[in-house]
Amino acid sequence: MSNFEQFQFDFYQSNYTIEDQEEGCNSYGSDKNLCESRKSQREKHPAAGAFVPSDMLLSSQSYTGQILQPAHNPSTPSQLGYVDGFDEEPPLLEELGINFEHIWQKTLTVLNPMKPADGSIMNETDLTGPMVFCLALGATLLMAGKVHFGYVYGMSAMGCLAMHALLNLMSASGVSHGCVTSVLGYCLLPMVILSSAAALFSLQGIPGTVFALLIIGWCSLSASKIFTSALAMEGQQLLIAYPCALLYGLFALLTIF
């Protein structure tokens, strides 16, 4: 009887492991489906002492959120780094530098030469208004049968470069190209009125010449007022108005003849 117990103990206490079963499946050509089922059962049910990652344990927790409304977790990095990003972004027109309120204030300043100019607004490099007024001048000249878009842009570019060099010599702080272009372009608005009148009736006469001189004085007075306000050049308005009058006189000659 003791021999049978010793045989039973020796039979169960063997060194045969699970890896030996896998080798047996591969070497002896056993049933592959049976081997795969055993592997899947071992993967699904790990041993008691096996290491289980924390991610697997967290994923087994129950979902507490609603449909299309996930649960709020304040420790989520995406919520900590990006909160209401679309609400904090500036409008598209503000990013492009287009401010309709400032454009309207500059237009009113040009239309009323006696109105004091705001130097903080006039010192901005706003090119929306100048581009619109240049296109309007070319369009009104086209209505009179004159295709002078190239002349308008060419004379504007040369005039802006000349005025930029002159103002840098006269002012202590200096001025940028964008500021000069913006001011001269906004002050081109009275010249659009002259070209619109030229499309309706001829300006080649004494009334037309007087009207053109008034428009030239209007444009130069508005431009010199804005330059003196933006660059703090008090007492030099007449010195700035003279080259501005020469520039706008070229546009008047282009309009009349």
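## Exercises on a helical chain and its core

Met191 makes contacts with Leu137, Ile215, Cys219, Tyr248, Phe251 and Ala252 when its neighbours within four places in sequence are left aside, a contact meaning heavy atoms within 4.5 Å. The model is predicted, and local features need pLDDT of at least 70 and side-chain atom pairs pLDDT 80 or more, whereas totals for chains, interfaces and linings use all residues. Residues are numbered from 1 along each chain as its sequence is written, and side-chain values use heavy atoms, with hydrogens and water left out.

**Exercise 1.** Describe the protein chain as a whole: how many helices and strands does it have, and what percentage of its residues count as buried?

*Solution.* Begin with the secondary structure: the protein chain has 15 helices and zero strands, where helices (H or I, at least four residues) and strands (E, at least two) are DSSP runs numbered from the N terminus. Next consider burial: of its 257 residues, 32% count as buried, a word that means under 20% relative accessible area, with exposed standing for over 50% and partly exposed for values in between (1.4 Å probe, protein chains only). Finally, among contacts between residues at least 6 apart in sequence, 68% join residues at least 24 apart.

**Exercise 2.** Locate the largest nonpolar core: which residues have the most contacts inside it, and which element gives the largest share?

*Solution.* A nonpolar core is a set of buried Ala, Val, Leu, Ile, Met, Phe, Trp, Tyr and Cys residues joined through side-chain atoms within 4.5 Å. The largest one has 43 residues, and those with the most contacts inside it are Leu167, Leu184, Met191, Phe227, Tyr248 and Phe251. Two or more residues come from each of H8 (100–111), H10, H11, H12, H13 (189–200), H14 and H15, and H15 provides the largest share with eight residues.

**Exercise 3.** Examine the loop between H14 and H15: what is the phi of Ala232, and which residues does Gln236 touch?

*Solution.* Ala232 lies in this loop and counts as exposed because its relative accessibility is 54%. Most residues other than glycine have a negative phi. Ala232, although not a glycine, has a positive phi of about 55°. Gln236 also belongs to the loop between H14 and H15, but is partly exposed, since its relative accessible area is 24%. Not counting residues up to four places away in sequence, Gln236 touches Met170 and Thr228, and its C-alpha atom is separated by 8.5 Å from that of Ser224, 12 residues apart along the chain.

**Exercise 4.** Trace the surroundings of Phe257: where is Phe257 found, and which residues is it in contact with?

*Solution.* Phe257 is found in the segment after H15, and a relative accessible area of 61% makes it exposed. Leaving aside neighbours within four places in sequence, Phe257 is in contact with Lys146 and Gln204. Gln204 sits in the loop between H13 and H14 and, at 57% relative accessibility, counts as exposed. Gln204 and Phe257 are 53 residues apart in sequence, yet their C-alpha atoms are 7.4 Å apart in space. Beyond its neighbours within four places, Gln204 is in contact with Ile256 as well as Phe257.
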